[in-house]
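Here is a briefing for a reader who is new to this structure. Please look over the sequence and the model, then read on by topic.

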Amino acid sequence: MKQGEVPLKDAAMAVEDDRIAYVGPVPSETDGYDEVVNMTGKAILPGFVNTHGHAAMSLLRGFADDDPLQTWLEEKIWPMEARFGPEQNRWGSALSVLEMIKGGTTCFLDMYDYMDQVGQVVEEAGIRAVLCRGAIGLCSEEERKAKLEEAVNFAREWNGAAKGRITTMMAPHAPYTCPPDYIVRFVEKAQELGIPIHTHMSETEAEVRLNVEQYGLRPVEHLRRLGFFDVPALVAHAVHLTPEEIGILAEYGVKVSHNPGSNLKLGSGIAPIPEMLKAGIRPSLGTDGPASNNNLDMLEEIRLAALIHKGVNRDPQAVPAPVALRMGTLYGAESLFLEDRIGTLESGKKADFITVDLTGPHMQPLHDVESHLVYSASRDDVLDVYVDGRPLLRNRECLTLDEEKIRYHAQRAFDAIRP
């Protein structure tokens, strides 16, 4: 149990409608509550916030592995994605949302195509999401205009949908896939709509070199000059940064989604997270798509964030367990500009929370619950998931989605496009 960021022991939490009404010592009287639930043996914590992903890509899980990013994308993934239609996006997204709920994720960002399908899945599942129609600009001007229009229409129509559980962003894919003037148009639309903007940035050394060859600038300065950081901005990856670039991101308040699992699997490198933390940046965590990870396990990302930076920096205090846990919760809420609603368990915030089983042998003895959550727990220890005070998972059983139906239709959706 946490009141804000302070762990509480032997505490209680009260929920009224969709919000947290109380966090603190166990009340002496509970007669005024409609239902009292005994949480003995469980940790209650904010739901995990996954700040970067492409949910429909679950259909391509294991389809193309062990290749560098550009080979993986250009030769294998993009040709398969060209075969995707609404059915693939719907069932791929449903499969991912089911996986995320069972792993304790209560809010996720999705950047992809056919986003109406994703929005419908979010509505049905009861999860919270930040959705954006991603747009690659390596196409004709007519196609670019159509993608931009689609992105604007989606952002406008779905912002605030699902009883406020859905918010939206604008999302040009990346500086190396979008011409500068195209990125500027996305920035202008984000300003016009009053919403944040999201993109991939500095994921690989090759991407950075290409940006310098094409525009004479590294991606951070390139985006800065295009006005990208003049609106609330979130960048994914940020692996290859100089100290000066970290300073620019900190100066402009740019949010960063650290994707350790995906970056490791694709051999992209390891982001300088300790340096970002020292500069005042509070990086969040994302799984990236389930075809480059290959799962959506936020506890695994939290553990990786705590471990890999210790090894690379030869410093066991590089990313302490409490910081790693905040990267998956509070810092995630901040990265999605939702910290006033979610990310901590505080009176007045949305009742988005999970419970984790503390009774397993791998969680004993209970010296330090935060440490155990980061270094010992697995997603199978997540027992209950609530969003807006509504149970989505109870004792490992998903209450809002039909797991068997989703598995069946996801397989059929992939078979329909199988080469």
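Two strands pair if DSSP finds at least two bridges between them. Helices (H or I, at least four residues) and strands (E, at least two) are DSSP runs, numbered from the N terminus. This is a predicted model, in which local features need pLDDT of at least 70 and side-chain atom pairs count only at pLDDT 80 or more, while totals for chains, interfaces and linings use all residues. Residues are numbered from 1 along each chain as its sequence is written, and side-chain values use heavy atoms, with hydrogens and water left out.

**The parallel sheet**

- Four strands make an open sheet in the order β11-β12-β13-β14, and their pairing is parallel.
- At its edges are β11 (197–201) and β14 (284–285), each of which pairs on one side only.
- Five bridges link β11 to β12 (residues 233–237) in the parallel sense.
- Met201 has His237 of β12 as its bridge partner.

**Ser257, a residue of β13**

- Ser257 sits in strand β13 (residues 255–258).
- Is Ser257 buried or exposed? Its relative accessibility is 0%, so Ser257 counts as buried. Buried means under 20% relative accessible area, exposed over 50%, and partly exposed in between (1.4 Å probe, protein chains only).
- The side chains of Ser257 and Thr51 are joined by a polar contact of 2.7 Å.
- Another polar contact, of 3.0 Å, joins the side chains of Ser257 and Asn259.
- A polar contact is a pair of N or O atoms within 3.5 Å; within protein, one must be able to donate a hydrogen and the other to accept it, and residues adjacent in sequence count only if both atoms are side-chain atoms.
- Not counting residues up to four places away in sequence, Ser257 touches Thr51, His52, Leu234, Val235, Ala236, His237, Ser284, Leu285 and Gly286. Contact here means heavy atoms within 4.5 Å.

**The antiparallel sheet**

- Five strands form an open sheet with antiparallel pairing, in the order β5-β15-β16-β17-β18.
- β5 (42–46) and β18 (397–398) are the edge strands; each has a single partner strand, so one side of each lacks a neighbour in the sheet.
- β5 pairs with β15 in the antiparallel sense over five bridges. Pro46 has Phe353 of β15 as its bridge partner.
- β15 (residues 353–357) and β16 run antiparallel and are joined by four bridges. Ile354 is bridged to Val385 in β16.
- Three bridges pair β16 with β17 (residues 390–394), again in the antiparallel sense. Val385 is bridged to Leu393 in β17.
- β16 and β17 form a hairpin with two residues between them. Asp388, in the turn, has a positive phi of about 55°.

**Cavities and pockets**

- On a 1 Å grid over the protein atoms alone, a cavity is a set of points where a 1.4 Å probe fits but cannot get out, and a pocket is an open set with protein on both sides within 12 Å along at least five of seven lines; lining residues have an atom within 4 Å of a point.
- Grid points are joined across faces, edges and corners, and a volume is the space filled by probe spheres set on the points.
- Two cavities of 30 Å³ or more are counted by this rule.
- The second largest cavity has a volume of about 40 Å³. Its lining includes Asn50, His54, Met100, Asp110 and Leu296.
- Strand β7 (residues 105–112) gives the largest share of that lining, three residues.
- By class, the cavity lining has six nonpolar, four polar and two charged residues. Ala, Val, Leu, Ile, Met, Phe, Trp, Tyr, Cys and Pro count as nonpolar, Asp, Glu, Lys and Arg as charged, and the others, Gly among them, as polar.
- The second largest pocket has a volume of about 630 Å³. It is lined by 28 residues, of which Trp78, Glu81, Tyr112, Ile136 and His173 lie nearest its centre.
- α1 gives the most to this pocket lining, with five residues.
- The pocket lining divides into 14 nonpolar, eight polar and six charged residues.

**Gly164**

- Gly164 lies in the loop between α4 (141–158) and β9 (166–168).
- Its contacts, leaving aside neighbours within four places in sequence, are Arg128 and Arg341.
- Gly164 and Arg128 are 36 residues apart along the chain, with 8.5 Å between their C-alpha atoms.
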